[in-house]
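Colleague: I have a chain open here and would like to talk it through with you. Could we begin with its surface?

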Amino acid sequence: MFLRTQRLFLRPAWAEDAPELARAIGHEAVVRMLAVVPWPYALADAEASVARERQDGEPRFMITLPGESGRIIGGCGLGRNPQLCAGEFGVGYWIEPGSWGRGYASEMLAALVALAQSLGHRRLVAAHFVDNPASGRVMAKCGFRPTGTVERCHSLGRGAEVEAIEYAIDLAPGARNMPAAMSRAA
């Protein structure tokens, strides 16, 4: 499965992506905000990640910039994380530091929300660690709202428990929390 947005191309990871993936995600500032990524992140971790079998209905993507030889700037996906949001169907993502502040996360998340809706999901959840409010702003911009749940989650990269704030979005047609442009696109 492939997704195209105005500036991004979301595609599956391929074996030859491992070195580029290791470069893109291999920043402590990125890994510490993720639940299931180890620190330090090595080429072997990237190779294992791209080789991991995907679950049906749980697409994962590399976020690339098409005009720059497909350079990987992040990763995202839909699926279940048993550590967060009570294992509900949700979204996860990361962006490499050199691409922060350019609106790529919001653009990518809007595409994932539309994809989840087209796949028939009625609700989508996400969470961010309390010390990553920028991710919460991205979620809010795309229609997610805090559920009021703050949960403790183990961060593999930090090697510690971290509090995470849960968000959700109602994907039913005409839902009130959907940004107008997204609910019209459905």
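Modeller: The accessible surface of the chain comes to about 9200 Å², with 54% of that belonging to carbon and sulfur atoms, where areas come from the Shrake-Rupley method with a 1.4 Å probe and, for residues, only the protein chains shown count as cover. This is a predicted model, in which local features need pLDDT of at least 70 and side-chain atom pairs count only at pLDDT 80 or more, while totals for chains, interfaces and linings use all residues. Residues are numbered from 1 along each chain as its sequence is written, and side-chain values use heavy atoms, with hydrogens and water left out.

Colleague: What share of the residues count as buried?

Modeller: Of the 186 residues, 47% do, buried being under 20% relative accessible area with a 1.4 Å probe, protein chains only.

Colleague: And how many helices and strands?

Modeller: There are six helices and eight strands, taken as DSSP runs (helices H or I, at least four residues; strands E, at least two) and numbered from the N terminus.

Colleague: Which residue follows α4?

Modeller: Gly120 comes after α4, and its phi is positive, near 95°.

Colleague: Last topic, what box do the C-alpha atoms fill?

Modeller: Taken along the principal axes, the C-alpha atoms of the chain fill a box of roughly 45 × 40 × 30 Å.

Notes
Buried means under 20% relative accessible area, exposed over 50%, partly exposed in between (1.4 Å probe, protein chains only).
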